[in-house]
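Please look at the sequence and the structure before we go through them together.

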Amino acid sequence: RMGEKMNIIQIEDLVKKYNDTMVLNHVSIELKKGKIYGLIGRNGSGKTVLLKCICGFITPTQGHIYINGKDIEKCRSNRENLGIIIEPPGFLTHYSGYKNLKMLAMIQNKIDKQQIIDAMKLVDLDPYNKKAVGKYSLGMKQRLGIAQAIMENQQILILDEPMNGLDNSSVDKIRKIILKLKQEGKTIVIASHFKEDIQLLCDEVYQLDNGNIIEHIVC
């Protein structure tokens, strides 16, 4: 397969149908290492379904997704390279933020306590606060989701509406974090309704409409 080393994610002829409804219509995209890609489009345009296919949460009707040259359907371990926020982040509401992240970190068992603490501090959450996540504001939950996506130092970040519910200062902070992660060589895919996010962060933008890519812009 040509160009595998260049493309960290390769999406080939992806189709997703629910009954007779075409949600993704023969989508092909190549994503390179160390860049930020934006997905834009109205609600129902197929953005979230595409992200869920990349994460392996949804099986496409046809087509293939390769991460680092390996077909994700055949190579489940590929998913361990992904840090993911797909709306809304699912946390156990009666536990603290730290405890939630600790339980999630135990699944792959790759990181220790300090990396969880560092990720929470990076997004301005206090790891020692015992407050239950159910009492968190929307913005706090969103920042906890971002901490979860970055705590294991994943090479690929899939962020669906990462700025939802954040106030202006949090938005600025998260944008800075995303740009820093790009400098570290991570590949980041962001679906966002905010034009400013797309303009400030993205190297390339794909616009979806009714499951079709109708525009590809290199910024």
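Predicted model: local features only at pLDDT ≥ 70, side-chain atom pairs only at ≥ 80, totals over all residues.

Which residue forms a salt bridge with R175, and how far apart are the closest N and O atoms? The partner is D197, and the closest N and O atoms are 2.8 Å apart. By salt bridge I mean a side-chain nitrogen of Lys or Arg within 4 Å of a carboxyl oxygen of Asp or Glu.

Residues are numbered from 1 along each chain as its sequence is written, and side-chain values use heavy atoms, with hydrogens and water left out.

Let us return to R175. Helices here are DSSP runs of H or I with at least four residues, strands are runs of E with at least two, and both are numbered from the N terminus. Both D197 and R175 are buried. Buried means under 20% relative accessible area, exposed means over 50%, and partly exposed lies in between, with a 1.4 Å probe and protein chains only. R175 also meets E196 in a salt bridge, at 3.7 Å from N to O. Because R175 lies in helix 5 and E196 in helix 6 (residues 195-201), this pair ties together parts that are 21 residues apart in sequence. The relative accessibility of R175 is 11%, whereas E196 is partly exposed at 45%. Through shared partners, salt bridges join D172, R175, E196 and D197 into one network.

In the whole structure, the search finds 9 salt bridges. One of them joins D71 and K74, with the closest N and O atoms 3.5 Å apart. D71 counts as buried, at 8% relative accessibility, while K74 is exposed at 69%.

I turn now to the chain as a whole. The chain has 6 helices and 10 strands. Its C-alpha trace spans about 45 × 35 × 35 Å along the principal axes. A compact globule of 219 residues would have a radius of gyration near 17 Å, and the 17 Å of this chain agrees with that. The radius is taken over C-alpha atoms, and the globule rule is 2.2 Å times the number of residues to the power 0.38. Of the 219 residues, 50% count as buried.

Helix 1 (residues 47-55) is largely enclosed by the rest of the structure, because 7 of its 9 residues are buried. Those buried residues are K47, V49, L50, L51, C53, I54 and C55. After helix 1 comes G56, which has a positive phi near 80°.

Next, the strands. Two strands pair if DSSP finds at least two bridges between them. An open sheet of 4 strands runs in the order 2-1-4-5, with antiparallel pairing. Strand 2 (21-32) and strand 5 (70-71) stand at the edges with a single partner strand each, so one side of each has no neighbour in the sheet. Strand 1 (residues 7-18) pairs with strand 2 over 8 bridges, and K17 stands opposite M22 in strand 2.

Strand 6 pairs in the parallel sense with strand 7 (residues 156-160), over 4 bridges. There, L82 stands opposite I156 in strand 7. Is strand 6 covered or open on its two faces? Both faces are covered, with L82 and I84 buried on one side and G83 and I85 buried on the other.

Finally, the largest pocket. A pocket is an open set of points on a 1 Å grid over the protein atoms alone, where a 1.4 Å probe fits and protein lies on both sides within 12 Å along at least five of seven lines; lining residues have an atom within 4 Å of a point. The largest pocket has a volume of about 330 Å³, a volume being the space filled by probe spheres set on the points. Of its 16 lining residues, L82, I84, Q108, Q148 and E152 are the closest to its centre. Strand 6 (82-85), helix 2 (97-108) and helix 4 (138-151) each give two or more residues to this lining.
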